Amino acid sequence: MSALHLKTSRGISLAAYEEEEQTPVKIGDLNRYSRRIYTIVKVVSITEPREVSSRIDRSTHRVAEALVGDETGSIYLTLWDDAIDQVEVGQTLSIRNAYINLFRGSMRLALGRFGSFEVMEESPIGEVNLDNNLSSKRFEYWRSSDRGGGSPRDRRSRRGRRRY
């Protein structure tokens, strides 16, 4: 793989962030803060795609979840639009630059804008460990409004109008 020599707006070279050879992370070693994940997983099942609307531009997208895993554990992988049609049960995927997302309090493996996957010809994974399903564990999460966050305008509106 060749080094990527792009400069960001702050002048930082992105070549420093590209890894030439990376050891795959085992699913059982993931946690809710995992980022830049490179892993190899086997697809166990895929849910039926459902349609959702984007909050930003109200466009319609298809989303499905694939239960994927290795010998250390399993997790749901969120698939969007065209990626749904590329994944089949029984395939082995090499996933790069993924991250963990919390959806309704449970962990999901997400590709996002910069993640990718490739279907592998041969599978190094024998049996998938379904007993250690990371997506079945519940995590508490909060929105910024629950922590007292939000903009100053939100806090002012609770006190009523200012009068000058």
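How many salt bridges does the structure hold? Good morning, colleagues. The model before you is a predicted one, and the structure holds 3 salt bridges. Side chains of opposite charge can pair when their charged atoms come close. I shall take the pairs in turn.

Let us begin with E71 and K26. These two residues form a salt bridge in which the closest N and O atoms are 2.4 Å apart. The pair links distant parts of the chain: E71 sits in the loop between β3 and β4, K26 in the segment before β1, and 45 residues separate them. E71 is partly exposed, at 36% relative accessible area, and K26 is also partly exposed, at 34%.

The next pair is R62 and D85, whose closest N and O atoms are 2.9 Å apart. Here strand β3, which carries R62, is linked with helix α1, which carries D85; the two residues are 23 apart. R62 is partly exposed at 27%, whereas D85 counts as exposed at 54%.

Finally, I turn to R108 and E65. Their salt bridge has its closest N and O atoms 2.6 Å apart. R108 lies in strand β6 and E65 in strand β3, so this pair ties together parts that are 43 residues apart in sequence.

Are R108 and E65 buried or exposed? The cut-off for buried is under 20% relative accessible area. R108 has 10% and therefore counts as buried; E65, with 10%, is buried as well.

What else does E65 contact? Beyond its neighbours within four places in sequence, E65 is in contact with several residues, including S45, I46, T47 and Y76. Thank you for your attention.

Definitions and conventions. Residues are numbered from 1 along each chain as its sequence is written. This is a predicted model: local features need pLDDT of at least 70, side-chain atom pairs count only at pLDDT 80 or more; totals for chains, interfaces and linings use all residues. Side-chain values use heavy atoms; hydrogens and water are left out. Contact means heavy atoms within 4.5 Å. A salt bridge is a side-chain nitrogen of Lys or Arg within 4 Å of a carboxyl oxygen of Asp or Glu. Helices (H or I, at least four residues) and strands (E, at least two) are DSSP runs, numbered from the N terminus. Buried means under 20% relative accessible area, exposed over 50%, partly exposed in between (1.4 Å probe, protein chains only).
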